[in-house]
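Hello,

Here is the structure we talked about handing over. Please look through it first, then read the notes below.

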Amino acid sequence: VTVATDELEVVVRRSPLLIEFRDAGTHQPINSDERPMAYDSKGHLANMLFDPKAGNFIAVSKKLGFDEHFYGLGEKAARLDKRRGSFVNWNSDTPGYTEGKDPIYQTIPFYLGLQHGAAYGIFFDNSYRSYFDFGRSSQQRAWFGAEGGELNYYFFYGPSIKKILNRYADLTGHMPLPPKWALGNQQSRWSYYPDTMVEQVVREYRERDLPLDVIYLDIDYMRGYRVFTFDQQRFPNPKALTDRLARQGIKLVTIVDPGVKHDPPGASSDGRYFVFEQGLEKNYFQRRSNGELFVPRVWPGESVFVDYTLPEARRWWGDLFRVYLDNGVAGIWNDMNEPSDFVDQTGKNQLDVVSYDNGERTTHAKNRNTFALLMARATYEGLERLRPEQRPYIITRAGYAGIQRYATMWTGDTNSTWDALALNIPMFTTLGLSGEPFIGSDVGGFIGRGNGELLVRSYQVSFLAPFCRNHKTSDGYDQEPWRFGKYYEDIIRKYLKLRYELLPFLYTTLEQAHRTGIPLFRPLLLNYQNDPNTYNIDDQFMVGEDLLVAPILKPDVTRRLVYLPPGAWYDYWTNRKYAGGTMIYVDAPLDTVPLFVRAGAMIPTVPPRNFVGERPDDTITFNIYPDDKGWAEGTLYEDDGVSPAYKNGGLRRTMVTARRDGRGFAVSVDVVEGQYNPGVRKLNFIVAGQRSTSITRVKT
Ligand code: MIG
């Protein structure tokens, strides 16, 4: 049976069942079954193919291309190209993970195959524990399977990866725009308390002229780790605190874990706990198959988890956030949502927990990997209901395909080591290739002892990541930007200021990710899919189409090789022009991260500031990097930065082009979309390497 579309032919042989996907134009196979789809109720297949596991097992086996590369699969502590790797998806709390640890926090059963420049994508729509093997167990096949559920997968044919990511976003959801301040610099610690310490950190930032938009409260702000409460001694007046922070341009984000303290009336001496009492009365907490309440142990001690598959429970949970909003809290941080249980981190203790699941009453085997997704959904929808005039802001540790609709994610409990820093780049780019554009990692690393050099190099990666937050464990060494002395602090300031200068470019690129599913933080191969030199590069990255960054990822290193893809490139710092398609050797003293701009780009910037709303964007500078023909173009996206009005035309998209014309440049500025009016402002145009600046006053 052949199913044909304009782009794809799907040829299904009925006996034995074998499926082949072919390009409709060339009739060449793109992806072919290596053996029939398999179902095995005893797990023999799993024994045969992979890892001995009991129970139902379903699998798909594909012919492995001799020259096929694999990308994606979400949050994996692995290099960029997943060829010859094998992976498991089972959301797990894995503090201090290192390269090769698997699984870790998230499950995104979506991957890309790339061969001879043409890509396809496969989304395996199955939340059970799943396995992906890209030629590890056999050189003949790549296969994936799961311990239960339906064998149901979506096949995307590109051949461009960008198109696949676009379709994948249409299927699993587009990332909404966060409030613009979420692109600002963020600072966290387990834990800043009491309130005076929170303010002291902010004061340091301001006095040292270091940009900051957001500060976090980790678990110690609560009354005995009870979510939706504040400790009266440590935070006697949270509203007054957020008011004072607001006057300094700072937003507060509070952590909210899934563990609700098991706290019946009279059980503890420090008062009653409405969240436990309400949830119990409404029967919203998870139960085992025998009807008993499921009681995991997490930070509050004995706890309970909400069954977020119940629509009423999600609504109730979402409405609880009124407590935070009334206190001026700007965003919510979901941690421990694998869900982590100190009794047993593998999930064994939870296997007989039953969830409502649309009336199907299914067990943990199906619901573990989607727990964080549904908790984030409950939170997002609650914030949307309670504060419709503002975009919700949530960050999450665990997740499943679709989590991009609700939350930013960060890569959990990393180490303060050079190896962990180097892993940032393949992890961020892989997340971007897996439909999660809004990502970041604890800057400086979470566990252990860092130093000034590591912190600086870490900022030189994260200052261009969508989520830029320094965070540290409770018993780790302090690592705020000033902790290692002025020498390092001055360099960090330079990069934070540069981030804020580049905000118009970053915001424009993030909006592109929202609209198209194409991430901000990219592996080179996403922009240069026909250049095999890029297929394994995971110590460099690109931001959007135009910036190329080649950070230093080892101590005592001040020079490195950089691969520049075809085209021409400008060194951001010196404006020296290089021909691409080759490796160059560049200097990278501690205060310099090798940073290149694509010739032909136009990068919008604003004057630096110490927080997003500190001053109006009344001056915008377009930095012109002409290509060999004297041409450059760029886009600027603008909106109000806080409200959801952008979803209904409350935006402005401006296209700017520059063309060398006699002795100067002819510039054209066109508003191509939207009704948002940013007011009167000055537009500057600077041509890379030239002194003269033309200044245009533009009235809109
Ligand atoms: O068991 O809330 O990944 O960022 O500081 C540790 C305390 C719980 C793990 C998170 C980390 C956070 C910490 N949490």
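**Arg391 and its surroundings**

Leaving out neighbours up to four places away in sequence, Arg391 is in contact with Leu177, Pro178, Pro179, Lys180, Tyr507, Asp639, Asp640, Gly641, Val642, Ser643, Pro644 and Tyr646. Bear in mind that this is a predicted model. Arg391 sits in the loop between helix H9 (371–386) and strand E24 (394–396). Is Arg391 buried or exposed? Arg391 has a relative accessibility of 3%, so it counts as buried, the cut-off for buried being under 20%.

Two polar contacts of the Arg391 side chain are worth a look. One joins it to the side chain of Tyr507, at 2.8 Å. The other runs from the side chain of Arg391 to the backbone oxygen of Ser643, at 2.7 Å. Both partners, Tyr507 and Ser643, are also in the contact list above.

**The ligand site**

There are 13 residues around the ligand. Which of them come nearest? They are Asp218, Asp335, Arg397, Asp413 and His471.

- Asp335: a side-chain N or O atom is 2.7 Å from a nitrogen atom of the ligand.
- Asp413: a side-chain N or O atom is 2.4 Å from an oxygen atom of the ligand.
- His471: a side-chain N or O atom is 2.9 Å from an oxygen atom of the ligand.

How much of the ligand does the protein bury? The ligand taken alone exposes 360 Å². The protein buries 95% of that.

**Helix H3**

Helix H3 covers residues 195–207, which is 13 residues. At 1.5 Å a residue, H3 should span 18 Å. The C-alpha atoms at its ends are 18 Å apart, so the two values agree.

The buried residues of H3 are Asp195, Val198, Glu199, Val201, Val202, Tyr205 and Arg206. They cover an arc of only 155° around the axis, so they lie on the same side of H3. What lies over them? The cover includes strand E14 (186–187), strand E15 (214–217), helix H4 (238–247) and helix H11 (452–462).

After H3 comes Asp209. The phi of Asp209 is positive, near 60°.

**Asn327**

Asn327 is in the loop between helix H7 (322–326) and strand E21 (331–334). Its relative accessible area is 16%, so Asn327 is buried. A polar atom of the Asn327 side chain lies 2.9 Å from the backbone oxygen of Val323. Not counting residues up to four places away in sequence, Asn327 touches Phe230, Pro238, Lys239 and Thr242. Of these, Pro238, Lys239 and Thr242 fall within the range of H4 (238–247).

**Backbone geometry to check**

Two peptide bonds are cis. They are listed here with their places:

- Gly158 to Pro159: cis, with omega near 0°. Pro159 is in the loop between strand E13 (153–157) and helix H2 (161–172).
- Trp190 to Ser191: cis, with omega near -15°. Ser191 is in the loop between E14 and H3.

Positive phi values in residues other than glycine come next:

- Arg84: phi is about 70°. Arg84 lies in the loop between strand E6 (69–72) and strand E7 (86–89). With 35% relative accessibility, Arg84 counts as partly exposed.
- Tyr225: phi is near 60°. Tyr225 lies in the loop between E15 and H4. With a relative accessible area of 26%, Tyr225 is partly exposed.

**Thr363**

Thr363 belongs to strand E23 (residues 362–363). Its relative accessibility is 33%, so Thr363 counts as partly exposed. Apart from neighbours within four places in sequence, Thr363 is in contact with Leu351, Val353 and Val354. How far is Thr363 from Pro566 in space? The two are 52 Å apart, C-alpha to C-alpha. In sequence, 203 residues separate Thr363 and Pro566.

Best wishes

Key: Residues are numbered from 1 along each chain as its sequence is written. This is a predicted model: local features need pLDDT of at least 70, side-chain atom pairs count only at pLDDT 80 or more; totals for chains, interfaces and linings use all residues. Side-chain values use heavy atoms; hydrogens and water are left out. Helices (H or I, at least four residues) and strands (E, at least two) are DSSP runs, numbered from the N terminus. The expected span of a helix is 1.5 Å times one less than its number of residues. Buried means under 20% relative accessible area, exposed over 50%, partly exposed in between (1.4 Å probe, protein chains only). The arc is that of the directions from the helix axis to the C-beta atoms. Contact means heavy atoms within 4.5 Å. A residue is near a molecule or strand if one of its heavy atoms lies within 4 Å of it. A polar contact is a pair of N or O atoms within 3.5 Å; within protein, one must be able to donate a hydrogen and the other to accept it, and residues adjacent in sequence count only if both atoms are side-chain atoms. Accessible areas come from the Shrake-Rupley method with a 1.4 Å probe; for residues, only the protein chains shown count as cover.
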